[in-house]
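I opened this structure to look up a few things about how it is packed. The entries below are in the order in which I looked.

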Amino acid sequence: MESQKKSPRSLTLLSGVFFLCVHLHLGYGGDCPADGRTWVPSKDRCYHFVHGKEDEIKSYTFERAKSLCQGFELLTIQSAEENDFVIEYSPQVWKGNVNVWLGMYYDTNSEGMRWLNEKPVTYSNWEYSPSPSDLLPMDTCVALHSNSGKWENVSCTDEVENGVVCEVAQTEQAKQKPSALLSALVILSVVSVIGISAVIWFFHQKHSVGSAVITAFEYHPPFRVLDTDQSCLLEAEETDSVP
């Protein structure tokens with residue numbers, strides 16, 4: 001009876017751990033491009049901070065920055081959280097203040113700033129104003145100061161900056177693709193729970209069988225002759241001894 005009560009509990013525990021592992025397995029976040037460069041994931045985006053060669057002054061024109069991110073996007077900032085992520089991660093790549101090119105340009109149709117991916121600018125963090133008077137609208141680009149997170153209008157043709165960040169969105173296919181490590185952890189977790197449950201069941205069964213064997217082979221005292229039988233034997237011996 002006790003074994004029958006414990007079995008459903010073990011199955012319930014096993015099922016719970018299994019479904020938890022599967023949930024974590026399927027809920028794994030997206031993956032970043034595997035193109036040999038270092039991509040840093042954040043939310044549903046991936047970022048590549050162009051490091052450049054050590055002990056060499058970094059200097060990138062706007063066109064050079066776009067070419068370094070060919071096939072991806074030059075950094076676009078859509079929220080204060082994303083802006084904070086860039087300035088907080090920058091010290092892990094660069095030393096000192098770095099001016100990072102933003103993928104923004106002046107759109108003559110809307111007469112305002114617009115991202116290179118044609119999305120409107122819904123978030124901004126200007127240091128001064130979005131339209132300084134000393135720059136022609138067609139020559140207006142934007143750089144982000146890594147020490148403050150503020151944006152500044154700069155010349156697209158005359159200025160050179162020392163920071164480039166490429167950006168790409170994580171695809172839906174990548175989000176559904178589990179990693180080999182996570183798959184191994186899921187399998188290991190399920191096998192471990194099954195193994196532990198089997199050991200507990202084995203020892204429980206062994207204990208139950210052991211108790212039954214001990215009961216079957218319970219100690220019984222050796223055969224004893226009753227007192228009446230002993231009296232009969234004594235009388236028979238006396239009779240035989242009489243001449």
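Buried here means under 20% relative accessible area, exposed means over 50%, and partly exposed lies in between, with a 1.4 Å probe and protein chains only. Contact is taken as heavy atoms within 4.5 Å. Helices (H or I, at least four residues) and strands (E, at least two) are DSSP runs, numbered from the N terminus.

I noted the ground rules: this is a predicted model, where local features need pLDDT of at least 70 and side-chain atom pairs count only at pLDDT 80 or more, while totals for chains, interfaces and linings use all residues. Residues are numbered from 1 along each chain as its sequence is written, and side-chain values use heavy atoms, with hydrogens and water left out.

I then checked the whole protein. The protein has six helices and nine strands. Of its 243 residues, 31% count as buried. Among contacts between residues at least 6 apart in sequence, 71% join residues at least 24 apart.

Next came the cores. I take a nonpolar core as a set of buried Ala, Val, Leu, Ile, Met, Phe, Trp, Tyr and Cys residues joined through side-chain atoms within 4.5 Å. The largest nonpolar core holds 24 residues, and Phe49, Leu75, Ile77, Leu102, Leu144 and Trp151 touch the most other members. Two or more residues of this core come from each of β2, α3, β5 (104–107), β6 (112–115) and β7 (140–145). Helix α3 gives the most, with four residues. A second, separate core of 17 residues includes Trp39, Tyr60, Trp101 and Cys141.

What does Phe49 touch, not counting residues up to four places away in sequence? I listed Thr38, Phe85, Val86, Tyr89, Ser90, Val93, Trp94, Val164 and Val165. Phe49 also belongs to one aromatic cluster with Tyr47, Phe85, Tyr89 and Trp94.

I counted 10 aromatic pairs in the structure. Rings of Phe, Tyr and Trp (its six-membered ring) pair if their centres lie within 6.5 Å; planes under 30 degrees apart count as stacked, over 60 as edge-to-face and the rest as tilted. Trp126 and Trp151 form an edge-to-face pair, at 5.7 Å centre to centre and 80° between the planes. This pair links distant parts of the chain, 25 residues apart: Trp126 is in the loop between β6 and β7, and Trp151 is in strand β8 (residues 151–155). Both Trp126 and Trp151 are buried.

Is Ala143 buried or exposed? Ala143 lies in strand β7 and counts as buried because its relative accessible area is 2%. Leaving aside neighbours within four places in sequence, Ala143 is in contact with Asn99, Val100, Lys150, Trp151, Glu152, Val154 and Glu161. Ala143 and Val154 are 11 residues apart in sequence and 6.7 Å apart in space, C-alpha to C-alpha.

Arg64 is in helix α2 (residues 62–68) and counts as partly exposed because its relative accessible area is 44%. Arg64 and Val160 are 96 residues apart in sequence and 9.5 Å apart in space, C-alpha to C-alpha.
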